[in-house]
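Subject: Structure handover

Hello,

Here is the structure I promised to pass on. Please open it and keep it beside you while you read my notes.

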Amino acid sequence: MAREGGGLFAGFRVLGRFSGHVPHVLRYHGRHREFYLATAVGRSVHTYNVKKLGIVAVSNALPREITCLAADRMLIFASYDNILHAFARNKEVVHTYEGHKARIHLLQPFGDHVISVDVDNVLIVWNIQLEEEYLQVDFDKATFAVSAILHPSTYLNKILLGSEQGSLQLWNIRSNKLLYSFPGWHLAVTTLEQVSIFSILFSYMTVVLGKTCKYEDVRQVWIFDGPGGTGRVLRSRMGHSAPPTKIRYHGQNGEQILSAGQDGTLQSFSTVHEKFNKSLGRGSINKKKSKKKGLKLDTMALPPITVFASEVAHQSDWDSIVACHQGYITCTTWNYQKTSMGVHKLRPEEFSKHKPIDIYATAVDITSCGNFAVIGLSTGQVDVYNMQSGIHRGRCGKGKAHDGAIRGVAVDGLNQLIITAGSEGLIKFWKFKTKNLVYSIDLSSPSGILLHRDSGILGIACDDFSISVLDIETRKIVRTFSGHHGRINDMTFSPDGRWLITSSMDCTIKTWDLPSGCLVDCFLVDSAAVSLTMSPTGDFLASAHVDDLGIYLWSNRSLYSLVSLRPLPADYEPSVVTCPSTCPVQDVDVAGDEETCDEMIEYVSPEQLGEQLVTLSSLPESRWKNLLSLDVIKKKNKPREPPKVPKSAPFFIPTVPGLTPRYIAPEEENDAQSKVVNLGVLAQKSDFYIHLEEALSSNEYTAPLNLLKSLGPSNIEIELRGLAPEGGGSVEVMLSFLKMVGMMLNKKYNFELAQAYLALFLKLHLKILSSEPNLLEEVSRLSMQLEEIWIHLQTLFNQSLCVLTYMKSALL
């Protein structure tokens, strides 16, 4: 259609993904004298330095997810399906090897060669530089299914193969001969690792685990400095082990994103650097008992967080985050400063002694001052708690605020109103102080609400996949949007409240422009976004997706490039946009990408938009505002006395002969040098003067006007003063200047310059103008022209002032 993919947002990077399920490889860089760790994340290879565990490189993305990884001192080898690639400089693909018929599952660099084994038990030795097969060996899967591969150190041309049957074979690759077979212990070999020059470590699979641990979210560096050589974690990078359920920016600097995951943890990810990431831990009913039992045996763990709210006000004094848990009535508080679960557990007093089964918290919000939390329950109750003490401070309505479950709660910026949405289809406004009902609006089953506190705009997502926008001041629906074809998962406003961005189960992310009421951007993602949040600085949009561990950042392209915000047509079909990798998208030609963005062409504003409009110049006020006050400015800036050069003193000061020594008085200086400047040298015609002379015959005044616009105030005065006959000018040139001003008034552009130039001209040459009939006639014509234009402008000004006064005072 009009433009491919999303034009407003571009993929930037992903947070919270540090490795994948493919085992990592360790490399040593001889010149850097440093170890590097390469790991596969999706379709890219990420390289970390082991010293600081910071990411140093991200490779270009392959067409599909990487399933196998290996590395030597120069290249990184990665495969997907039956294709093998080699990366150079941790970034670009330099070699591709094709020849396997099945998926590759083992890789082993081997000098100038690389060995690959597929699931059909075919082993191929590749020449790295020539990208050709050096050797191919087929093994019988029933007797020897290759499961591990290793090159023993100092063994020339030898490789050791392990099998699922438990036996091992030592092969000479150059001669293609089996040198020796090891019977093993009839257990599958899973790993072969070099221990020393003379021994190799064999790892056998002896137990099938009932539950496997996900290592795709953790990368750790251990140090063994404890007593007896015990180890501890020195550095780690950790994300969620289960997909995030809710993300929100924390604070106003746009540098931290709070994320709640299905693993039950609450984490903070930094958009600046990974070293600022921190985990607030896992929710627990009793933290002391949980620590004693350990993570695997913890029966006190709380369910995953479904929704939360945070505020930075008073976060150094008490807990600043409150969260609802899946199917749980108790809401927990969290302390961002201490990076731990808070001290309060908020639930109604009637349920303090027993836990109900079918009643749970569904919505939560925190006031902008950070003092109160508002919690909605599935029964329709809405309670207010104090964040510092955890004390219950009231309930909206008498018993219940709604007849159905609470779908959303919000508090305005001044703590005047509490806004609640119920599943029965009502939006209610409550007085924050008294908890009394103020107003109620009937809507079709709202599924969630979001308030932009600065503008007082409330976004309402409904079960029929539509979105309504309500003004809380007038309490009227001001916009209604439709176009999603699935349940709306989340909404977020831009910082200025101009855009409302929504995500749906139809895998689209749409941006609605509130002033125009139009859809201005839409793009598809592979997996539906379950949560959205816009940076308070407006530079990034963050999204979390179904069955995805990462938090994806999308840069707002309108901040750094030309983006069309024209309404999308009704038949617009969005294209799928690939989610970004860990680091910013590399090698992106922004200029070339502009062609895909609605075929944008940069708009160059003409000098005059219309003949009936009065246009001002773009010159700063210092160029024209003080032209009439130049003499006053020069007088103020004139020094009181000119600087005097000190007279050089003689080496021996002469004295008057006599009994009393006296110095001879210094002689009076009698410099008779004339300080009168010869004006004959300055009698040359200036460029401005020459252009005005030429304009008398051609009647084209663009050149002298542009020249005058480029001069400063002092030079403008000199040029205008030199137009008079006593300054070397003539009456004809003065007439030409007045015609130039008349041309500016006729075309109605550079309007303020015409006023300033004419005022200075009249001030300098008033006597000559009154004595020359031609000049006096031209000045009279200009006076009538100015009066006519001003009457027209004054009428427009009065109309605008009347409309503005009405809009400010009328009750809408």
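Asn-750 sits in the loop between H7 and helix H8 (751-764). The model is predicted, so please read everything below as a description of that prediction. Is Asn-750 buried or exposed? Asn-750 is buried, because its relative accessible area is 4% and the cut-off for buried is under 20%. Leaving aside residues up to four places away in sequence, Asn-750 touches Glu-607, Thr-615, Leu-616, Ser-617, Leu-705, Lys-709 and Met-744. Click through those one by one.

Next, go to Pro-704. Pro-704 is part of helix H5 (residues 702-709). Pro-704 is buried too, with a relative accessible area of 1%. Which residues does Pro-704 touch, not counting those up to four places away in sequence? They are Phe-688, His-691, Leu-692 and Met-740. Also look at Ile-690, which is 14 residues from Pro-704 along the chain. The C-alpha atoms of Ile-690 and Pro-704 are separated by 8.6 Å.

Now the helices. Two packed helices are described by the angle between their axes and the distance between the axes. Take helix H7 (residues 731-747) and helix H10 (residues 773-809). Their axes come within 10 Å and cross at roughly 15°. Angles under 35 degrees count as roughly parallel, so H7 is roughly parallel to H10. The crossing of H7 and H10 is left-handed.

Which residues make this contact? H7 supplies Val-731, Met-734, Leu-735, Leu-738, Lys-739, Val-741, Gly-742, Leu-745 and Asn-746. H10 supplies Asn-774, Leu-775, Glu-778, Val-779, Leu-782, Gln-785, Leu-786 and Ile-789. Sorted by class, the contact of H7 with H10 has eleven nonpolar, four polar and two charged residues.

Then turn to the strands. In a regular strand the side chains alternate between the two faces of the sheet. Keep that in mind for E8. Six of the six residues of E8 are buried. On one side are Ile-83, His-85 and Phe-87, and on the other are Leu-84, Ala-86 and Ala-88. Both faces of E8 are therefore covered, because the residues on each side are all buried.

E8 has two pairings to look at. E7 and E8 pair in the antiparallel sense over six bridges. Here Tyr-80 stands opposite Ile-83 in E8. E8 and strand E9 (residues 92-98) also pair in the antiparallel sense, over six bridges. There Ala-86 stands opposite His-95 in E9.

The hairpin of E7 and E8 has two residues between the strands. Asp-81 lies in this loop, between strand E7 (75-80) and strand E8 (83-88). Phi of Asp-81 is near 55°, a positive value in a residue other than glycine. Asp-81 is partly exposed, with a relative accessible area of 28%. The hairpin of E8 and E9 has three residues between the strands. In that hairpin, Arg-89 takes a positive phi near 55°.

One more loop to visit. Where is Cys-507? Cys-507 lies between strand E43 (499-504) and strand E44 (508-513). Cys-507 has a positive phi of about 70°, although it is not a glycine.

Best wishes

How values were computed: Residues are numbered from 1 along each chain as its sequence is written. This is a predicted model: local features need pLDDT of at least 70, side-chain atom pairs count only at pLDDT 80 or more; totals for chains, interfaces and linings use all residues. Side-chain values use heavy atoms; hydrogens and water are left out. Axes are lines fitted to C-alpha atoms, for helices over the stretch in contact, and angles run from 0 to 180 degrees between N-to-C directions. Helices (H or I, at least four residues) and strands (E, at least two) are DSSP runs, numbered from the N terminus. Angles under 35 degrees count as roughly parallel, over 145 as roughly antiparallel, 65 to 115 as roughly perpendicular and the rest as oblique. A crossing is left-handed if the near helix is turned anticlockwise from the far one by less than a right angle, and right-handed if clockwise. Contact means heavy atoms within 4.5 Å. Ala, Val, Leu, Ile, Met, Phe, Trp, Tyr, Cys and Pro count as nonpolar, Asp, Glu, Lys and Arg as charged, and the others, Gly among them, as polar. Buried means under 20% relative accessible area, exposed over 50%, partly exposed in between (1.4 Å probe, protein chains only). Two strands pair if DSSP finds at least two bridges between them.
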